[in-house]
Amino acid sequence: MSRVVLPLVVAVMLLPIGVMVLVASAPEGGGTEFSLFANIAEMFAGGDFPVYFRNSLILSFGIGILDVVFAGATGYALARLRFPGSRALFVLVVGTLALSPTVVMVPVYVIVYQLGWIDTFQGMIVPSMMSAFGVFLVRQFALSLPEELLLAARVDGAGEFRIFATIALPLLRPALLTLFLLQFLAQWDNLLWPLLVANDQSLWPLPVGISQLQTEIGYDIRLMTTAALVTAVPPIALMFLLQRYYVAGLTLGGVKR
């Protein structure tokens, strides 16, 4: 039964992508010639699409890497270091997950405005450079690290920073790569915050730029679909590259050895 159902499910899921490829492959002015690569080249040759693509890469990679650095260090510290208020701090961090992003958007915008970060990359990156979910994910995964290995390093005289850098980081790689992937995907599709902070068109990422693309190229369904198809390529490619780490990061995080 599964041999019949599974291919059908996969076919239904791939159907929209197939339709996008067919529409994006349509030649200009009608015709039957396959012109997908010509349409992609046309998108990157003129207009602001290359700028939008570059900005999305900067924001997604920048926020993803910063979240891995800060949430990774914080999550490990909350899991493996004992200091006054650590448990209360973790409860506070987890409690912020219950807040809707729209609730804190106004005060964050006021802070960004007072810092003079409107129309800057730091205004779009810094407020998202560390996520409560990232701290929670890394902390839960760090609880599964072998305690004996960390104790042996401390007995040998290694400091906490060295233990974290040389022992914990390699073991935390599935969780950190999972966090990077999730943050990259979230920021790649983020529309609202860049739309609020970036009034300068040269700073717009792809979601904002594509929403305004119709005013540049007119109602050209061929080029609009080509832009959407190109936009989907980086997250799909990254998902395939990091798939095994993503599965390991989500499944092993709740297992305490």
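**Cavity, pocket and a helix pair**

Student: How do you know what classes line the largest cavity?

Tutor: Its lining has six nonpolar, two polar and no charged residues. Nonpolar means Ala, Val, Leu, Ile, Met, Phe, Trp, Tyr, Cys or Pro; charged means Asp, Glu, Lys or Arg; the others, Gly among them, are polar. The lining is L59, I63, M124, Q187, N190, W193, P194 and P205. So Q187 and N190 count as polar.

This is a predicted model: local features need pLDDT of at least 70, side-chain atom pairs pLDDT 80 or more, while totals for chains, interfaces and linings use all residues. Residues are numbered from 1 along each chain, and side-chain values use heavy atoms, without hydrogens and water.

Student: What makes a space a cavity, and what makes it a pocket?

Tutor: On a 1 Å grid over the protein atoms alone, a 1.4 Å probe fits in a cavity but cannot get out; a pocket is open, with protein on both sides within 12 Å along at least five of seven lines. Lining residues have an atom within 4 Å of a point. The largest cavity has a volume of about 50 Å³. The largest pocket holds about 1000 Å³. Its lining has 27 residues, with P101, V104, P127, M130 and S131 nearest the centre.

Student: What is the angle between α3 and α7 called, and why?

Tutor: Their axes come within 7 Å and cross at roughly 45°. That makes α3 oblique to α7. Under 35 degrees is roughly parallel, over 145 roughly antiparallel, 65 to 115 roughly perpendicular, and the rest oblique.

How values were computed. Points joined across faces, edges and corners; volume = space filled by probe spheres on them. Axes fitted to C-alpha atoms, helices over the stretch in contact; angles between N-to-C directions. Helix = DSSP H or I, 4+ residues; strand = E, 2+ residues; numbered from the N terminus.
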